[in-house]
Structures are given as structure tokens and as C-alpha cells.
Amino acid sequence: MKTSPAFEFPPEQDEALHRARRLEWVSIIYLISVAAVMYFVLGSSQAMKTAWIDDILSLIAPIVFLTATRIAIWEPDERFPYGYHRIVSIAFLCAALALTVMGGWLLSSALIQLFKAEHPTIGGIYLFGYTFWLGWLMIPALIYSAVPAMFLGRAKLPLARKMHDKVLFADANMNKADWLTALAALIGVLGIGLGYWWADAVASALISLDILHDGIRHLREVVCDLMHEAPRTVESSDIDPLPGQIAAYLRDLPWIEDVQVRMREEGHVYFGEAFVVLRNKNVLPDQLGQATQGCISLDWRVHDFVLVPVPSLDVQNSFVSGT
Amino acid sequence: MPYDPEGTLYRVQRGVIRAGISINPPWTDFSNGKAEGVEPQLLNKFAKQFNARIEWTVDSESNLFRGLKHRQLDVIIGGITNSTPWSKQAALTRPYLTFGSEEHVIAVSQGENRWLLEFDRFLQSHGMDAMRYFEEEK
């Protein structure tokens with residue numbers, strides 16, 4: 001059986017993958033330490049609890065990335081002739097679903113607390129022979145949960161672009177935005193300290209809205225991916241120009257009269273077909289093979305490409321690149 | 001910081017502490033018409049710090065916790081441990097006496113964080129008194 005090519009990344013992307021994997025391991029260890037620190041200073045502040053759950057949820061993306069990048073590079077076999085690339089999208093779908101559900105649940109808890117006018121209690125903690133307000137300890141814990149995350153996010157972002165990895169990109173952006181969560185929780189805690197009981201519920205609602213927003217955004221994106229939307233660049237909603245470039249390359253060949261290209265994303269890489277109308281009917285299989293190779297060598301993301309000679313193009317399909 | 005959203009500490013200073021007591025010797029007793037036991041002694045001492053008078057309400061634990069929740073009471077005593085099923089209705093102090101897994105606490109109104117912190121500080125510095133009262137009551 002014909003399977004798709006085995007390799008995933010060229011050397012430059014491979015190196016980015018190694019660095020990204022190392023950063024994600026660092027992220028996991030860091031996030032576990034954050035979750036532990038936060039747990040000890042939670043009190044009964046809903047904002048702190050929400051920030052804490054946010055930190056735990058942040059663990060999902062690195063875990064998804066580490067498992068998915070391991071599985072995605074498995075070689076295609078008889079059972080999975082197209083390879084394992086889409087495991088990345090499926091894992092991302094699960095992560096987005098988790099964010100959406102938790103965000104919704106946390107938002108409703110915050111609103112219920114606000115509606116019932118529940119007053120959050122933060123008591124004393126006994127440390128070094130002195131009893132002081134636990135709220136004071138929450139402040140350094142929140143700073144610890146935000147500042148290293150920002151640096152991690154900043155380091156991951158260029159790697160995500162290089163690898164065309166949407167999980168890593170989403171993770172990097174969430175890390176970078178972590179200071180917003182910490183700031184909201186901080187304002188909630190200070191609000192409690194100043195005697196405004198509602199500050200806690202409002203801060204918690206804002207954090208959960210952010211989680212919910214992330215979840216829904218990622219959900220929409222990954223569902224579109226799984227539905228084989230035309231490839232888009234990692235960081236914007238622009239359609240990737242690559243299919244158009246391939247169509248232009250093929251049309252420049254002297255023996256090709258017209259062409260239509262369609263491509264789909266499979267995790268990091270693209271699969272696609274070009275339907276070509278031949279100028280003369282004496283084209284050799286070698287020429288077709290070389291043209292296919294030419295398309296694949298245009299960009300590392302063109303992973304598996306098929307050239308199909310056809311008698312005429314379907315003019316109805318004007319949305320396909322190259323018409 | 002912290003301040004009380006409902007201003008409990010400010011109100012009780014040179015004023016009245018509305019205390020609920022459910023009978024549970026040796027921690028609390030009211031059989032002689034006045035509050036006695038380990039916890040009333042502690043509470044009296046606490047009230048003296050703020051020149052406050054205590055107004056006692058004797059009732060069952062469930063009624064007292066309802067009163068605390070509706071802010072008709074400021075504090076409840078009655079040999080409460082921090083595994084009390086009412087913990088969601090109240091703010092519990094840090095344990096002032098511990099016997100095995102029984103951690104004895106005082107319940108105050110939820111969200112009154114300065115009020116709670118004053119109790120935490122008082123109980124931390126009067127742990128020895130609590131132990132002595134307990135030995136005497138036995």
C-alpha cells in the first residue's frame with residue numbers, strides 16, 4: 001500500500017521541536033510548583049480558586065504538545081496510511097473542550113457567588129511565630145504564577161511559528177496572557193482586604209471569561225482544522241498563500257495548460273492534490289513525478305502531494321487555488 | 001488591611017458582641033444562668049481587649065449557625081471542631097486546641113476578615129490559657 005512520507009520536519013524545524021519540547025517540560029514542572037504554591041494560600045477566595053484552576057488547566061497544553069509531537073512523527077503504516085499527524089488536532093480539540101467546560105463552570109460559580117452575595121473569607125495564617133493575614137501571602141504566589149510564565153510564552157512563540165504548531169502557539173499565547181489572570185486575582189484579593197466582598201466574585205468572573213474565551217476560540221479553530229479548512233497561517237486568519245504558489249509553479253511548466261490545487265492541514269503539515277490539464281497528451285510519467293517533487297520542495301509543509309491529469313477543470317470550483 | 005465588609009470589629013469596639021452559645025461541656029455551659037466553660041472564658045478575655053460587652057444567645061447549633069449566616073450573631077461557641085458540617089455557613093478560626101483529629105475552633109461570620117484575624121491572633125497568643133481552662137473544667 002502507498003503510504004504518505006515518513007518524515008515530519010526538516011532539520012531547522014526538528015531543532016525547534018527539540019527546544020520546544022524542553023521548554024514544555026520546564027513549563028510542566030513550573031506549573032506543578034505554581035499549583036502547589038497557590039493551593040496553600042487559596043483561602044476561600046473564588047478569584048484565587050479560579051486562578052488556581054487556570055494554572056492547572058495550563059498544564060493541558062504542554063502535555064498535549066509533548067504527547068502529540070511524539071505520536072505525530074510515527075511512520076505511516078497499513079492501518080494509518082495517511083500517518084498520525086492529525087493526533088495534534090484531536091488532542092487540541094480535547095484541550096479546547098476542557099477549557100470551554102471549565103471556563104463556563106467557573107463563570108457560573110462566580111455569578112452564583114455574586115448573586116448570593118457570599119462574602120469570601122480569608123483568615124490568618126501562623127508563620128514564624130506570628131499570625132498574619134493570608135491575603136498578604138497570595139500576592140507573591142500570584143506574582144510567581146505570572147512572571148516566569150510570561151518569559152516561557154515569549155520563548156515558545158517563535159518556535160510555534162517555525163514549526164507551524166497550533167497547540168504550541170495557543171500555549172505560548174496563554175502563557176503570555178497569564179499576567180492578566182494574576183492581576184485580576186490580585187485585585188480581587190486586595191478588594192477583599194479593603195472590605196469589598198464583591199471584588200472577589202467579579203475578579204473570578206473576569207478570569208473565567210478569559211478561560212471561556214480561550215476555549216471557544218480554540219474550539220472553533222480546531223473544528224475548522226478537522227473539517228479540512230483551507231490552510232491558514234498559525235498566527236492569523238489569513239489563508240496560507242502556499243496553495244496559490246504551488247498553482248503558479250505548475251502553471252509555469254510548459255506542458256501544463258491549467259491547474260487547480262486544493263490542500264488541507266494534517267497537524268503540522270499539508271496534504272493536497274493538483275488537477276492539471278495537459279497541453280499535449282505525450283507527457284511522460286517522469287515529468288509528472290518531477291513536477292510533484294517540485295511542488296513538495298517548495299515548502300517543508302507540503303508533505304504529501306498528488307498530481308492528477310484531468311481532461312478539463314471543473315469551472316464551478318472557482319474557490320480552488322489556481323483559477 | 002484587611003477590613004470587614006460589614007464593619008463588625010468597628011461596631012463591637014466599646015459596644016456589644018452578639019455571641020451564640022450551644023451547651024457542650026466542658027467547652028460551654030449555661031446551666032447556672034450564665035456562660036461558663038473553656039470558651040466563654042476565652043471569649044470574655046477577648047471582649048475585654050475591645051472594651052466590649054457580650055450579649056449571649058443560647059440555642060441549638062443549627063439555629064445559631066442560621067443566625068450567624070443572617071448576621072444576627074457575630075460569633076458562635078459550643079465545642080465546635082473544624083470538621084463541623086456547618087463550616088460552609090461560617091468562617092472558622094484556626095484551631096486553638098487539638099486532641100488527635102479534633103481541632104477546636106470558634107465560628108465567626110463569613111467574610112468579616114479583620115474580625116476573624118483578630119480572633120486568630122487572640123487564640124494563637126492564648127493557647128496556653130485555653131489549655132489551662134480545659135484542665136480546670138475537667
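P26(B) sits in the loop that runs between β1 (16–21) and α2 (38–49) of chain B. Helices here are DSSP runs of H or I with at least four residues, strands are runs of E with at least two, and both are numbered from the N terminus. The peptide bond joining P25(B) and P26(B) is cis, with omega at about 5°.

A quick word on the ground rules. This is a predicted model, in which local features need pLDDT of at least 70, side-chain atom pairs count only at pLDDT 80 or more, and totals for chains, interfaces and linings use all residues. Residues are numbered from 1 along each chain as its sequence is written, while chains are lettered from A and ligands numbered from 1 in the order in which they are written.

**How confident is the predictor?**

The complex gets an ipTM of 0.87 and a pTM of 0.85 from the predictor. Per residue, confidence is given as pLDDT, on a scale from 0 to 100. Chain B averages 92, with 100% of its residues scoring at least 70. For chain A the mean is 89, and 97% of the residues reach 70 or more.

Chain B is built from five helices and seven strands, and along the sequence they come in the order α-β-α-β-α-β-β-β-β-β-α-α. Its C-alpha atoms fill a box of roughly 40 × 30 × 30 Å along the principal axes. The radius of gyration, taken over C-alpha atoms, can be held against a globule rule of 2.2 Å times the number of residues to the power 0.38. For the 138 residues of chain B, a compact globule would come out near 14 Å, and chain B has 14 Å, which agrees.

Chain A has 10 helices and five strands. Its C-alpha trace spans about 90 × 35 × 30 Å along the principal axes. A compact globule of 323 residues would have a radius of gyration near 20 Å, but chain A has 25 Å. One backbone detail to look up in chain A is A117(A), which has a positive phi of about 55° although it is not a glycine. A117(A) is in the loop between α4 (87–115) and β1 of chain A.

**Helix packing**

Two packed helices are described by the angle between their axes and the distance between the axes. The axes are lines fitted to C-alpha atoms, for helices over the stretch in contact, and the angles run from 0 to 180 degrees between N-to-C directions. A crossing is left-handed if the near helix is turned anticlockwise from the far one by less than a right angle, and right-handed if clockwise.

| Helix pair | Axis distance | Crossing angle |
|---|---|---|
| α5(A) and α6(A) | within 7 Å | roughly 155° |
| α1(A) and α3(A) | 9 Å | about 145° |
| α2(B) and α5(B) | within 9 Å | roughly 140° |

Take α5(A) and α6(A) to begin with. Angles under 35 degrees count as roughly parallel, over 145 as roughly antiparallel, 65 to 115 as roughly perpendicular and the rest as oblique. These two helices are therefore roughly antiparallel to each other, and their crossing is left-handed. Residues count as in contact if their C-beta atoms, placed from the backbone, lie within 7 Å.

Over in chain B, α2(B) and α5(B) cross in the right-handed sense. V38(B), Q41(B) and L42(B) of α2(B) make the contact with D129(B), A130(B), Y133(B), F134(B) and E137(B) of α5(B). By class, these residues are five nonpolar, one polar and two charged.

**Where the chains meet**

The contact between the chains takes 16 residues from chain B and 16 residues from chain A. On the chain B side, helix α4 (residues 113–125) gives the largest share, six residues. The chain B side divides into seven nonpolar, five polar and four charged residues.

Terms used
Two residues are in contact if their C-beta atoms, placed from the backbone, lie within 7 Å. Ala, Val, Leu, Ile, Met, Phe, Trp, Tyr, Cys and Pro count as nonpolar, Asp, Glu, Lys and Arg as charged, and the others, Gly among them, as polar. pLDDT is the predictor's confidence in each residue, from 0 to 100.
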